[in-house]
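Here is a short report on packing in one protein chain. It covers the nonpolar cores, a strand pair and a helix pair.

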Amino acid sequence: MHLPRSVFSERQIDILLWLLRVNNVDDVPSVKSVKRIEDTIQRLCGIRSIPYDGALGHRYYVNSLADLIQQEMMNPRVRPLLHFYPEDAGTKLNEAWQAKHWLEELDPELLTPVVRLQNQDFFIFEPALLTSGQACMPFRWFIRCKKMYARAWRLQPVAREMNCGWIVQQFQSFEVSEDDLLVSFKNWDSSGATSGLPRACHIYGIERELDGELQPWTLTNPVEGNQWHIRASGARVYAMPIWLYSVHQEYNVHFLCTSNLAPPLEMLDGIVDQLENAWEHGIWAWDCVHEEYVLVILSVLALLGDNPMQSEMACHIGSMGKYFCRICKVKGHGTVAKESNSAQDTTRAEDHDNNIAEEFSGSEYETHNDAPLKSARKRTKETMEELIGEARCKDETVAELKSMFVDASTVGNQTRIKQRKTATGIKDTFLESFLNCLAQSYSKIRGGNSVKQEALNRVKETLPANVISPVWRVKGLDPHTDTPVEILHTVLLGFVKYFWRDAISIRIGQNKLKRELLETCLSSVNVAGLGLSNLNGHTLVQYAGSLVGRDFRAIAQIAPFVLHDLVPKDCYDTWVALSNLMPLIWQPEIDDCTDHLNKLTVAIDNFLACTAMWTPRWFNKSKFHIILHVVDHIRRFGPAALFATESFESFNAVI
């Protein structure tokens, strides 16, 4: 009775059943019978919604991640397309599993820990014997030319008194092909090839540096082996890194939660609870390819969203702050320090169409605001190198947030906390609720600090154990580096929108002849080679302030042809530079990663230089800095289209 992702009310079902009856259809069920069947199917095949009482006092529901993963593994349309191992594709970069983050940076404990070769399971952090007679400790599996490879540490045999054992030499790593693997940890004692060698369970420690101090081996229990080896009990084990907030086909978009009351970080707390349970126990699922149960390990590859949401996830003060970048510590020059303690002022200001900074483009602001600032300061010359600051560090941010809570636990430190937010660019909206709660605990109490401190302490005892954002509990995730630049809002709804509004409202303005000429050019241009339908010039000009992403995608490609001689040369050169930059950013398949990223870097620098030549006031917008980070994010996560949120936002209609 239900179409995909469409829910019928009882009244609608009753009407449909009535239509069947009046058309003489036999054995039409009652509404009650239909509902009973639906409930049975939901229990057998549906997704559970798990209720949570949030730390901030809101009740919300999160769909079961385990149920979603189980359905993906048993779905014959999805399972054959899933990838569980990173791939070394050489210079090519087409997918996320070929990028640096999954291939080199992700915590090995969150990657697929085992390969099955010749009826043997070779787990990471378990000794393995090679065909050369050398022993090694694999710590990362990957694919190269359709063959499995491992990155491994060398094992050095040593003798101690009456026993022999191994020392793991972490400073000596090398690659091992699947053809070189001979004996696994489980078969070590029963294999004749290991006779004369120390037992695999005798690991004395690990040397991290040459001639360094021997440290205890803690990655596994040397006697039992890898924890997933024990939990799987002979079953296959797969790791599944996921994008949080977006995937690339609507068929594979999985809805987790939403609320009109609970803020995102409060709901993230429930999602992290499910992730922690998956890290501890794994998720058992039926694999329709191998037709057996497998154990799945979940991890978060990256957090996706628009710039304000990513700032909130990274506990960053937002684009209106003095330190306006969530990724690095770049500082705005000559900023007038007016930073609000309100989350609305710092986290969502950038992308609101009714915001003052958004309504007036950089050049328009320059035209209407030529008066000097009252508090004019001596400004230093800025260079391209200064556009990138020192990288933010996860450990430093967590330490700063904990320090803020310690300060808030003492009466009279509210001003100090505000100053630290301004000085560091760090603001946790989750923690902010508890800081406000502590501040309000004594705000209406008259008396000395001792009386106020007692009231504050009573409230502090009622707070949960985890008062900082749950994002810091996600294993292997650094919200500063793992929030890749979102090209939809940064480029299409950023640069292209800013420049098009400027071109229509300022450069062409009320010049009727120019407006009609531009409309004619837009309607006449042949866009068949771009895979687009004919453009409506009147709509693109008349409603320039109400266009959407697909409109700006078309404008970015044809603007140099239709704006020629209609805008000043500096403006036109910037449009040309932007149009040259666009295909490099949206390149879906990269044959030579190094060459492509070099070209992309040059194109970005040229675009920023042309923009500065036009008017430097555009750089009041943080997106002209954020775009500089896209080169590193493509290197780490793959082509930028993979972490764009366009397909995810198209799912809003379904929600």
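Contact here means heavy atoms within 4.5 Å. The model is predicted.

In soluble globular proteins, nonpolar side chains tend to be buried together.

| Core | Size | Residues included |
|---|---|---|
| Largest nonpolar core | 87 residues | Met73, Trp141 and Leu298 |

Met73, Trp141 and Leu298 have the most contacts inside the largest core. Helix α6, residues 264-281, gives the most to this core: eight residues.

What does Met73 touch, leaving aside neighbours within four places in sequence? Its contacts include Leu82, Phe84, Tyr238 and Met240. Ala285, Trp286, Asp287 and Cys288 are also among them. So are Val294 and Val296, and the list also holds Arg79.

**A strand pair**

Strand β1 (residues 49-53) pairs with strand β2 (residues 59-63). The sense is antiparallel, over five bridges. Ile50 stands opposite Val62 in β2. The two strands form a hairpin, with five residues between them. In the turn, Gly57 has a positive phi of about 95°.

**A helix pair**

Helix α15 (residues 487-508) packs against helix α19 (residues 569-585). Their axes are 12 Å apart, at an angle of about 160°. Angles over 145 degrees count as roughly antiparallel, so α15 and α19 are roughly antiparallel to each other. Their crossing is left-handed.

Which residues meet between α15 and α19? On the α15 side they include Val491, Phe495, Phe499 and Trp500. On the α19 side they include Trp575, Leu578 and Met582.

Methods
Residues numbered from 1 in each chain as written. Predicted model: local features only at pLDDT ≥ 70, side-chain atom pairs only at ≥ 80, totals over all residues. Heavy atoms only, no water. Core = buried A, V, L, I, M, F, W, Y, C linked by side-chain atoms within 4.5 Å. Buried < 20%, exposed > 50% of the residue type's maximum accessible area, 1.4 Å probe, protein only. Helix = DSSP H or I, 4+ residues; strand = E, 2+ residues; numbered from the N terminus. Pairing = 2+ DSSP bridges. Axes fitted to C-alpha atoms, helices over the stretch in contact; angles between N-to-C directions. Parallel < 35°, antiparallel > 145°, perpendicular 65-115°, else oblique. Left-handed = near helix turned anticlockwise from the far one by under 90°.
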